[in-house]
Amino acid sequence: MDRLKRRNILNNIMLTLTGICTVLTSSVLFLVLGFLAFNGWRSLNWDFFTKLPLSAGETGGGMANAIVGSGVLILIAAAIGIPMGFLGGIYLAEFGGKTFSMMVRYTADLLNGVPSIVIGIFAWTVIVVPMHHFSAWAGGFALSLMMIPIGLRATEQFLRAVPNSLREGSLALGASKTRTILSVIVPAAKQGILTGMILGVARIAGETAPLLFTSFNNQFWAAKLGEPSASLPVMIYTHAISPYDDWHRQAWAAGLVLLTLVLIANIASRWVLSRGASAQRG
Amino acid sequence: MKRQILCIAFFTAAATMAASAETINAAGATFPAPIYQKWFQDFNKMHPDIQINYQSIGSGGGIRQLTEGTVDFGASDMPMTDEQLSKVTKYKVLHFPTVLGGVVPTYNVQGVAMGMNFSGPTLAGIFLGTIKKWSDPALKKDNPGVNLPNEDITVVHRSDGSGTSFVWTDYLSKVSPEWKSKVGANTSVNWPVGLGGKGNEGVAGLVKQTPNSIGYVELIYAAQNKMDYGSVKNAAGNFIRADVASVTDAAAGEAKEIPADFRVSITNAPGKNSYPISTFTWLLIPDKIDNPTKKKSVTEFLKWMMTAGQGDAAGMFYAPLPKPVIAKEQKQIALIK
Amino acid sequence: MASAVVTAPPQSRPRKLTNFWRDGDQISHLVTLLFAASVLLVTVFLVYELWIHSGPSRAKFGFSFLTGKTWDPVAEQFGALPFIYGTVLTSFIALAISVPLGVGAAIFLAELAPPKLSNACTFFVELLAAVPSVILGLLAIFTLVPIMRQYVEPFLKDTLGYLPWFQGPAYGVGYLTAGIALAIMTFPFVISISREALLAVPPEQREAALALGATKWESTWQVVVPFARLGIIGSIFLALARALGETMAVTMVIGNDTSIHTSLLAPGYTIAAIIANEFTEATGDVYLSALVELGLVLFALTMVLNAAAQLLIIATTRKGSRQD
């Protein structure tokens, strides 16, 4: 009896502990959002979105060039990364030879796991050094390297999930493989692939380390893509470690904007995916 | 379809952006960054087609990026050494002094007000780690009557390659043989103790947030952020607080005899009221600029900086350049081809 | 109408030249092959560039780079040990916090929680993984560091100060704070993957244990968790790989000190942090190549860990190949 009682008490204690663990871990997200909102929302005014940053110690100004700069960098990264991931994924799902596909998958996983600072070093050696210039190109290139594995995996996974009957039906009607892929399989998998791309963009939107010595930073608008460019994550970093209260205030606001965009992208892609899954079952 | 629209929008935006200003990229010292950023901003208002993008990444960064050729000019509080100059092969680097400034010991100690006195060997001891507490006898001796708490001293230094570090360690090497042999003077040294902050901004940020800490920053960083900073004992034996007058005094001796390449150290200067941790800070300009628009912009800026720009210095806690130095500098502008 | 159904398996290797030349299929095959191959090439090129640009440092120091304790740019003496130490120590602290927390939460979500609650909580936890590192760093500077400096570190010094790991001034920044920030970034992986691994355990295992009179906890801890252990260990490896490579949040709270300290309360440095801080100002070829070599070391570490993690996870979760 005594032993059973002890076991039951242990049971209750341990299970309560796991419940506490869950509460702690699930609430961190809300704490993060809460702090950002509390500290940042007052600074989200029209100036923040439209004005350029002022020199240190002066109050006011905004992060317009950083917002646009981030947008430009993401566009460059997507322009390189999406086609590569998409077409590479098609190869792996539809054409691939066994060993070669395995090698490609392995290296994609490897690339995915490379620390972002090391990707920054690579982009620096490949673009900044020959160009003798920090540039938006270099930053966009670094970010694209991080998008490729995500796009590749998502494309392959969702293309494979398309039932074989669709493929066979299309081929039976005399369509070529290319046409089958383009008109039948990809549209069937498009929600999943789109989700993967959105998640990829959300991931690179917040990356700072690869930009530190590629796109560098800029007080003004970047006149060309070959010039250094401001970006939200780098601005948050430089402003957070500074001693100026006004810069801190702006860092909070920028953090709030960035996190909101990232979370919206993540939530939206999950919603798209869940809708697509239920539509496919029908 | 959506992607096509995005592409068109993107290229239109890029095209309109490309139609506007020519950007000149510069990087370097955080020491003069506040006044440089103000200067470049004001200069841009007067000449909207000239954008000078200055990134404060530390003197070491400025020298490095200039050597690599990724920036059009650099900035540093430590004059480039002969070895560093020899690595820049495409052109000769010209040093242009811009302002004078002082490096102050800034601290965050509860109950202790502004203007604590520090002597050179004491500062060396703190940064060597031999003086560990605020209540140490050496500090008490220089500050009779001040209630110093019995707390550990948290030392803050630079984590990046810094001209400000060079000025600080140069001064410490002159007043403490132990420091000179153990650590030495350079932009990046093997700090015996302490936390590392990135840039003058990072050090100021850390000291501001960490109780019982002490760090070294350019005067404006302590002043703008309303932080306490101390007076330092100069070579004449007086405790002097850094301000425009005391920093100008420190340069008085060198002003008339400044070498032709403007590379000089004025730490621990003689003079009753000199502030002992003062320094010039320089723009590192190539003597050959290929792009004619850029060359014109840079020379215009330099001319403006030496005349109207000097008027901004005092308001931002920097000291303007002595007149003999400006006269010599204006002749150096002609060397830029 | 007896027409043979053309079965073209998704992975058709072109066997005859006649099939090969059909309707632009050759072109699309070639195009997609090139793009897939370029992924391979880019990664190989990355390793190559890292190798080449770390040349001067490798030539000067050889293997002693990994054991050298001094980082002196003036004397051009570079050793990686303080940074390897800092990286491993902060990751270890992160795991020590996030593994018990994460596995505990995973157990609750897989075994005890009703499905809706389980899915909702997992959703929140997985969203946390999407929060950018620099934002967590921002939070850490202004909220975590003051708490550490004013409450947690003095408390640790008072209670455990006799141990060498809790001595020295309470800066607020340092190994411990960085470890806690890393823990927040790693427990989403532990929870998400461990939960999947636990859910993949067949219900018969649980029922058998319960039928033998075990309590719910005993059934979970002694039967289900061991059954899923490979997946859980895989999640830990993945979390570790992420922790090793984290840059921004760590750079902002680690104190930037290039020496080795025993105390967890002391400031330190990690490989990623020093590259981020010093790369743009590394004067001199040896200095820069030493930083690139550090990047190479980090790359090698994460590569090994990721490979181990993938193998372990493939071995257990029900989907077979886990997409994270």
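Trainee: Why is Phe216(A) called buried?

Mentor: In this predicted model, Phe216(A) has a relative accessible area of 7%. Buried means under 20%, so Phe216(A) counts as buried. Phe216(A) sits in the loop between helix 8 (177-205) and helix 9 of chain A.

Trainee: What makes the backbone of Phe216(A) worth a remark, given that it is not a glycine?

Mentor: Its phi is positive, about 60 degrees. Most residues other than glycine have a negative phi.

Trainee: And what makes helix 9 of chain A, residues 232-240, largely enclosed?

Mentor: Eight of its nine residues are buried, so helix 9 of chain A is largely enclosed by the rest of the structure. Among the buried ones are Leu232(A), Met235(A), Tyr237(A) and His239(A).

Trainee: Lys226(B) is not a glycine either; what is its phi, and is the residue buried or exposed?

Mentor: The phi of Lys226(B) is positive, at about 55 degrees. Its relative accessible area is 74%, and exposed means over 50%, so Lys226(B) is exposed. Lys226(B) belongs to the loop between helix 10 (219-224) and strand 9 (228-229) of chain B.

Trainee: Why does Ala170(C) count as partly exposed?

Mentor: Its relative accessibility is 23%. You will find Ala170(C) in the loop between helix 7 (133-160) and helix 8 (175-199) of chain C.

Trainee: Which residues does Ala170(C) touch, leaving out those up to four places away in sequence?

Mentor: Ala170(C) touches Arg149(C), Glu153(C), Pro154(C) and Lys157(C). Contact here means heavy atoms within 4.5 Å.

Trainee: How do you know that strand 8 of chain B is largely enclosed?

Mentor: Strand 8 covers residues 213-218, and six of the six are buried, so the strand is largely enclosed by the rest of the structure. Ser213(B), Gly215(B) and Val217(B) point one way, while Ile214(B), Tyr216(B) and Glu218(B) point the other way. In a regular strand the side chains alternate between the two faces of the sheet.

Trainee: Which strands pair with strand 8 of chain B, and in what sense?

Mentor: Strand 4 (residues 93-108) of chain B pairs with strand 8 in the antiparallel sense over six bridges, with Val104(B) as the bridge partner of Val217(B). Strand 6 (residues 154-158) of chain B pairs with strand 8 in the parallel sense over three bridges, and there Val156(B) stands opposite Gly215(B).

Trainee: Now the sheet in the order 5-10-11 of chain B. Why are strand 5 and strand 11 called its edge strands?

Mentor: This is an open sheet of three strands with mixed pairing. Strand 5 (117-118) and strand 11 (239-240) of chain B each pair on one side only. Two strands pair if there are at least two bridges between them, and strand 5 and strand 10 (residues 231-233) of chain B have two, in the parallel sense. Asn117(B) stands opposite Ser231(B) in strand 10 of chain B.

Trainee: Last one: how does the radius of gyration of chain C stand against that of a compact globule?

Mentor: A compact globule of 324 residues would have a radius near 20 Å, but chain C has 25 Å. The C-alpha atoms of chain C fill a box of roughly 85 × 65 × 35 Å along the principal axes. Chain C has 14 helices and two strands, and 56% of its 324 residues count as buried.

Technical notes: Residues are numbered from 1 along each chain as its sequence is written. Chains are lettered from A and ligands numbered from 1 in the order in which they are written. This is a predicted model: local features need pLDDT of at least 70, side-chain atom pairs count only at pLDDT 80 or more; totals for chains, interfaces and linings use all residues. Side-chain values use heavy atoms; hydrogens and water are left out. Helices (H or I, at least four residues) and strands (E, at least two) are DSSP runs, numbered from the N terminus. The radius of gyration is taken over C-alpha atoms; the globule rule is 2.2 Å times the number of residues to the power 0.38. Buried means under 20% relative accessible area, exposed over 50%, partly exposed in between (1.4 Å probe, protein chains only).
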